[in-house]
Amino acid sequence: MRGAGAARARLLLLQNAPLLLFLVLVAIFASLSPNFLTPTNFLNVLTQSAHIAIIAIGMTFVLLIAGIDLSVGANMYASCIVVALYLKTWPVGWDFPVVAALGLVFGAVNGLIVTRLRVPAFITTLSTLFIGRAVALYLSNVKMVMFGKGVLLFGRTAYLGVPSAIWVFAAVFLVAWVTLRYTTYGRQVYAVGADPEAAAKAGINVRAITFSVYCVCGLCAGIGGLVSGSQVAAAASTFGFNKEFPVIAAAVLGGTSLFGGRGGVAGTVFGAILIQTVENGLVMTNADPYVYPLIVSVIIFVAVLVDSLRTDILERLERRKIRVEPAT
């Protein structure tokens with residue numbers, strides 16, 4: 001019993017590690033910069049983290065089935081380049097539907113290769129990362145491409161004092177949260193992630209679920225890319241470069257397991273805000289820009305380590321539960 005109690009205590013600590021890290025970071029940055037704990041800066045953090053949170057929500061669906069998508073950065077770049085190049089004269093309001101459709105197609109290609117050709121997700125999405133970025137660089141001639149007036153107007157617009165990027169992020173979050181928590185499809189995603197063989201025996205179409213989560217991830221990558229584009233006003237050749245790493249880190253920091261079957265989008269949003277808080281704090285304290293990648297890499301390492309330790313403890317606790325109690 002003592003061993004189980006100690007394991008539960010460690011599990012509780014690991015589950016709350018991201019929150020503790022967040023509180024420590026806030027305290028440090030607040031002590032170094034008097035403007036850090038202001039409503040304006042808080043709104044700024046939410047706005048800057050919106051595109052990371054949107055893409056990370058899509059990544060959560062993939063991680064829940066123990067998959068991975070390394071191509072989200074290339075997806076957002078390729079989808080946004082098409083919008084920036086060819087939709088400038090289109091009526092305002094077409095940008096998001098088109099970029100969402102392009103992202104969905106990109107994700108569907110990943111899903112088809114993984115499910116039909118049975119190529120491991122890591123290899124598949126690593127390949128489409130390079131292919132997608134190569135196509136985007138070819139279309140743009142490796143030049144910076146400005147977005148149309150509709151996208152720029154969206155980036156400057158606020159409703160009820162809240163930037164439009166946050167409204168889009170909130171809408172994506174709400175749809176994803178309801179889907180995973182209250183729908184049959186959401187329960188099937190968790191079932192496939194926990195045990196695909198058992199899910200198949202229960203009548204769940206594992207191949208269809210696997211294909212669908214890559215489509216969801218691609219859709220979110222396209223939307224998140226345009227939200228990011230509306231904030232920077234242009235897509236340079238580095239647009240979306242290495243974006244998959246903070247996205248995965250946000251999901252894992254929020255409690256989504258790399259081994260599938262556990263997690264949710266609420267925690268993912270918190271992870272995205274935590275990562276953006278770090279970057280924002282470093283900027284406000286005038287830290288050396290070369291330190292940023294180091295800090296992000298440390299956060300990713302901590303996220304993976306916490307997930308591994310958490311999974312190990314959960315497995316040991318589950319094995320103890322299987323043991324039959326002696327009769328009294």
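Is Thr47 buried or exposed? Thr47 is buried, at a relative accessible area of 15%. Buried means under 20% relative accessible area, exposed means over 50%, and partly exposed is in between, with a 1.4 Å probe and protein chains only.

A word on the model. It is a predicted one, where local features need pLDDT of at least 70 and side-chain atom pairs count only at pLDDT 80 or more, while totals for chains, interfaces and linings use all residues. Residues are numbered from 1 along each chain as its sequence is written, and side-chain values use heavy atoms, with hydrogens and water left out.

Back to Thr47. Thr47 sits in helix α3, residues 39–64. Helices here are DSSP runs of H or I, at least four residues, numbered from the N terminus. The Thr47 side chain reaches the backbone oxygen of Leu43 at 2.8 Å. Leaving aside residues up to four places away in sequence, Thr47 touches Pro163, Ala165, Ile166 and Gln231. Contact means heavy atoms within 4.5 Å.

Next, helix α12. This helix covers residues 244–253, and nine of its 10 residues are buried, so α12 is largely enclosed by the rest of the structure. Among the buried ones are Glu244, Pro246 and Leu253. Gly255 follows α12, and its phi is positive, near 105 degrees.

Now the aromatics. How many aromatic pairs does the count come to? The count comes to five. Rings of Phe, Tyr and Trp (its six-membered ring) pair if their centres lie within 6.5 Å; planes under 30 degrees apart are stacked, over 60 edge-to-face, and the rest tilted.

Take Phe22 and Phe270. They form an edge-to-face pair, 5.5 Å centre to centre, with 65 degrees between the planes. Phe22 lies in helix α2 (residues 17–32) and Phe270 in helix α13 (residues 265–284), so the pair ties together parts 248 residues apart in sequence. Phe270 is partly exposed, at 24% relative accessibility.

Then Phe96 and Phe154. This pair is edge-to-face too, at 4.9 Å between centres and 65 degrees between planes. Phe96 is in helix α5 (residues 95–116) and Phe154 in helix α7 (residues 149–156), so the pair ties together parts 58 residues apart in sequence. Phe96 counts as partly exposed, at 24% relative accessibility. Phe154 is buried, at 17% relative accessible area.

Last, Leu309. Leu309 is found in helix α14, residues 291–322. At 40% relative accessibility, Leu309 counts as partly exposed.

That is the tour.

Terms used
Helix = DSSP H or I, 4+ residues; strand = E, 2+ residues; numbered from the N terminus. Polar contact = N/O pair within 3.5 Å; in protein donor to acceptor, adjacent residues only side chain to side chain.
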